[in-house]
Amino acid sequence: MGTKTVPVTITRKAISKKQRALEILNRLQHLYPDATCSLNYSTPVQLLVATILSAQCTDERVNKVTPALFARFPDAASLANADLAELEDLVRSTGFYRNKAKNIQAACRMIVTEFNSVVPNQMEQLLKLPGVARKTANVVLAHAYGINAGVTVDTHVKRLSNHLGLTKHTDPVRIEQDLMKLLPQQDWENWSIRLIYHGRAICKARSPVCIACELADLCPDANKPAALG
């Protein structure tokens with residue numbers, strides 16, 4: 001008489017937070033194998049500008065704005081010398097356009113004068129640029145230079161990392177620190193990009209589809225509408 005095999009199901013209680021993070025990462029890689037940066041760009045400075053514009057704005061909207069913007073001002077020098085009113089008009093539909101235009105121009109002027117017109121590839125130098133915090137710097141380093149210096153924490157990553165019980169913080173810098181301890185460095189940006197895809201497709205802020213979520217058994221907030229709202 002054969003021995004009956006009992007399937008083992010991974011549960012939140014059975015594994016540590018780090019093991020859970022790694023299992024989530026593994027599943028995300030299988031769910032979104034071709035996930036990549038959603039912003040359209042050709043050069044590091046264009047990626048920098050697009051990322052600045054993406055603050056409190058969808059990547060889809062940014063991608064509608066940047067073709068005309070980059071056709072008119074394709075590099076750091078042209079952006080640094082642009083007429084500010086024209087620059088504002090080109091980025092107007094991304095929201096907060098005056099502040100974004102001012103920061104883009106100031107950042108490009110610094111790139112021209114202090115970095116020989118080349119976007120720096122070091123975190124501490126990027127953070128000196130106006131309008132650039134760790135989120136933007138992480139995106140530029142990862143996608144323009146292939147450097148995983150940290151974990152990009154946007155609104156999706158912030159929200160889902162909390163739902164998944166991987167952090168209790170709301171400050172992006174502290175969330176990033178928590179995630180860096182749980183994930184292999186080579187997968188820091190890999191994690192962010194795929195979690196963003198999952199946030200758009202399944203774990204939406206207003207209407208999460210827990211019943212269809214392949215991370216539900218690893219998520220403390222799964223099927224808790226109040227927690228997910």
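A pocket here is an open set of points on a 1 Å grid over the protein atoms alone, with protein on both sides within 12 Å along at least five of seven lines. Grid points are joined across faces, edges and corners, and a volume is the space filled by probe spheres set on the points. The largest pocket holds about 870 Å³ of space.

This is a predicted model: local features need pLDDT of at least 70, side-chain atom pairs count only at pLDDT 80 or more, and totals for chains, interfaces and linings use all residues. Residues are numbered from 1 along each chain as its sequence is written, and side-chain values use heavy atoms, with hydrogens and water left out.

**Largest pocket**
- The lining has 37 residues; Ser-54, Ala-55, Gln-56, Lys-135 and Asp-154 are the closest to the pocket centre. Lining residues have an atom within 4 Å of a point.
- At least two lining residues each come from helices H2 (44-53), H3 (59-72), H6 (97-114), H8, H9, H10 (172-182) and H11 (188-201). Helices are DSSP runs (H or I, at least four residues), numbered from the N terminus.
- By class, the lining comprises 15 nonpolar, 13 polar and nine charged residues. Ala, Val, Leu, Ile, Met, Phe, Trp, Tyr, Cys and Pro count as nonpolar; Asp, Glu, Lys and Arg count as charged; the others, Gly among them, count as polar.

**Helix H5**
- Leu-87, Glu-88 and Val-91 are buried in H5 (residues 84-91). Buried means under 20% relative accessible area (1.4 Å probe, protein chains only).
- Seen down the H5 axis, the buried residues fall within an arc of 100 degrees, so they line one face of the helix. The arc is that of the directions from the helix axis to the C-beta atoms.
- These buried residues pack against H2, H3, H4 (76-80) and H6.

**Trp-191**
- Trp-191 lies in H11 and is buried, with a relative accessible area of 0%.
- Its contacts (heavy atoms within 4.5 Å) beyond four places in sequence include Ala-21, Leu-28, Val-157 and Leu-183.
- Gln-29 is 162 residues away along the chain, yet its C-alpha is 8.3 Å from that of Trp-191.

**Loop residues**
- Asn-148 sits in the loop between H8 (134-145) and H9 (155-163).
- A polar atom of the Asn-148 side chain lies 3.3 Å from the backbone oxygen of Gln-186.
- Asp-221 is in the loop between H11 and H12 (225-228) and is buried at 16% relative accessible area.

How values were computed
Polar contact = N/O pair within 3.5 Å; in protein donor to acceptor, adjacent residues only side chain to side chain. 1 Å grid on protein atoms, 1.4 Å probe; cavity = no way out; pocket = protein on both sides within 12 Å on 5 of 7 lines; lining within 4 Å. Buried < 20%, exposed > 50% of the residue type's maximum accessible area, 1.4 Å probe, protein only.
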